[in-house]
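I opened this model to look at packing and at how the chains meet. My notes follow in the order I looked things up.

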Amino acid sequence: MKNFETKELILVALFAALTAIGGFLSIPMPFGVPFTLQPFFVIFAANLLGGKLAFFSQLTYLAIGLVGIPIFTQGGGPSYVLQPTFGYLVGFAVGAYIIGKIVEKREKTFWNLLIANSIGLIAFYFFGVIHLYLVMNLYMGVDYGIKTALWGGFLIFLPWDLIKGLLAAIISKEMMGRIEDQLPITKS
Amino acid sequence: MLDDIIIGQYIERDSFIHSLDPRIKILVIIFFIITIFLINAFTGYLFLAFFILVTVLLSKIKVKYIIKSIRPLIFIISFTLIVHLFMTRGGQIIWEWRFLKIEEEGLRMGLFMSLRLIFLVSYTSLLTLTTSPLALTDGLESLLKPFEKIGLPAHELAMMMSIALRFIPTLLEEAQKIMKAQKARGADFESGNLINKAKSLIPLLVPLFVNAFRRADDLALAMEARCYRGGEGRSRMNALLLVNKDYIVLALSFVYLISVGIFL
């Protein structure tokens with residue numbers, strides 16, 4: 001039984017690398033959640049590679065960071081699990097899978113991409129906010145209400161991220177047209 | 001920027017810690033993490049500090065590198081400290097100014113939690129400081145092997161990690177090159193409103209992704225031409241080999257850390 005074709009394996013690795021690069025293009029913000037271009041690259045991975053490969057690209061990214069190589073926005077290492085923002089990274093893996101699965105099955109029109117991306121964004125935030133809430137309350141021992149978590153970890157980023165989802169759909173559509181024959185997702 | 005982070009992490013030295021098997025180092029780190037969460041008194045930290053000190057001395061790594069690895073977490077460490085100082089109540093009042101109050105329990109919890117983070121980060125950073133990324137992924141692959149039975153693709157994951165690590169600097173350099181090339185053609189990445197700025201990313205992203213796909217093609221061809229066919233039955237040039245000192249280190253650290261964790 002073979003899990004991956006050699007080329008698939010390499011694509012997963014390259015998109016993990018691209019995700020890391022996306023993470024370094026970030027603007028620090030107060031309250032711990034940095035403003036990064038990363039969701040952009042996660043969405044591309046999902047739109048271009050499909051669910052399974054996109055999921056593994058994020059898993060690879062997570063694994064590299066967790067063993068201690070500083071490719072996360074604020075370093076790396078097992079202790080990164082305690083960073084309030086770690087949940088978003090988990091959300092990326094799940095979100096990428098969801099987006100990829102939706103895109104795989106449908107016609108690759110702009111609207112379908114946009115809908116898939118928006119659903120994926122919700123998954124990013126779902127894990128992000130839950131983790132933020134848990135870390136603040138259980139680990140830091142701060143009384144950090146779910147409302148504050150929703151506000152600080154979700155709502156203030158929502159408008160900007162909806163734009164990101166929209167742009168990612170535009171760019172993905174553009175790219176799919178140009179490199180159609182090479183994409184694993186448009187094959188078969 | 002990215003180059004020094006990735007390459008600057010591993011510091012080559014001829015030391016005892018460097019010569020240990022990566023699997024042993026990963027396992028000791030896991031024991032260490034378990035212990036740090038079991039401890040609930042400062043005396044336990046004393047023993048952990050001693051353990052860290054011994055490892056640092058044996059690794060011949062300068063302390064400044066370890067301090068450097070704590071720096072990215074300064075924000076969360078000080079946040080933990082400050083929040084506990086002012087919010088946790090209990091014990092005698094140590095200091096008071098208008099509505100701000102520091103009580104004994106707050107000081108204790110604040111120091112305790114931030115020390116926990118500092119210890120955790122400094123010890124785990126030793127792993128990447130003393131182990132090359134390749135050895136790390138090899139060790140991880142070998143440790144994850146047993147989980148292959150439940151469907152975790154250990155070999156593939158390790159392979160992807162090594163390839164990704166190899167390509168992070170390359171792709172970053174490529175991104176910079178494309179940016180310059182497009183600027184030379186008159187592309188404008190900096191001005192305009194948000195939508196325009198984002199749209200200006202297209203001439204950067206399209207070549208970047210197209211190149212990534214082409215690279216994947218080339219590399220896959222090169223690997224398959226050399227008969228790469230997944231992890232099964234694959235042998236290594238530098239096979240991991242456990243020797244006596246690895247077993248001794250593992251046993252000693254296990255006994256030391258677990259007893260510190262349980263008794264203190």
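I began with what surrounds H3(A). Its buried residues pack against helix H1 (6-24), helix H2 (38-49) and helix H4 (86-105) of chain A, together with H9 of chain B. This is a predicted model, so I read every value below as computed from it.

I then counted burial along H3(A). Twelve of its 16 residues are buried, so I noted the helix as mostly covered. Among the buried ones I listed Leu53(A), Phe56(A), Tyr61(A), Leu62(A) and Ile64(A).

I checked the length of H3(A), residues 51-66. At 1.5 Å a residue it should span 22 Å, and its end C-alpha atoms are 22 Å apart, which agrees. After the helix comes Gly68(A), with a positive phi near 120°.

I ran the length check on helix H7 of chain B, residues 104-130. Its 27 residues should span 39 Å at 1.5 Å a residue; the end C-alpha atoms are 39 Å apart, which agrees. Of those 27 residues, 20 are buried, so H7(B) is largely enclosed by the rest of the structure.

Next I looked up the nonpolar cores. The largest has 119 residues. Which members touch the most other members? They are Phe15(A), Phe44(A), Phe32(B), Leu205(B) and Phe209(B). Helix H9 (residues 154-184) of chain B gives this core its largest share, 14 residues. A second, separate core has seven residues, including Val129(A), Leu132(A), Ala149(A) and Phe157(A).

Then I turned to the interface. I found 62 residues of chain B in contact with 56 residues of chain A. The buried area is about 5,300 Å², and carbon and sulfur atoms give 85% of it. Met160(B), Phe209(B) and Phe213(B) supply 14% of the area that chain B buries against chain A, more than any other three residues.

How many salt bridges cross between chain B and chain A? The rule finds one. Lys7(A) pairs with Asp217(B), the closest N and O atoms being 3.2 Å apart. Two residue pairs between the chains are in polar contact. On the side of chain B that touches chain A, H11(B) supplies the largest share, 16 residues.

How values were computed
Residues numbered from 1 in each chain as written. Chains lettered and ligands numbered in written order. Predicted model: local features only at pLDDT ≥ 70, side-chain atom pairs only at ≥ 80, totals over all residues. Heavy atoms only, no water. Helix = DSSP H or I, 4+ residues; strand = E, 2+ residues; numbered from the N terminus. Expected span 1.5 Å × (residues − 1). Buried < 20%, exposed > 50% of the residue type's maximum accessible area, 1.4 Å probe, protein only. Core = buried A, V, L, I, M, F, W, Y, C linked by side-chain atoms within 4.5 Å. Contact = heavy atoms within 4.5 Å. Buried area = accessible area lost by both parts, 1.4 Å probe. Salt bridge = Lys/Arg side-chain N within 4 Å of Asp/Glu carboxyl O. Polar contact = N/O pair within 3.5 Å; in protein donor to acceptor, adjacent residues only side chain to side chain.
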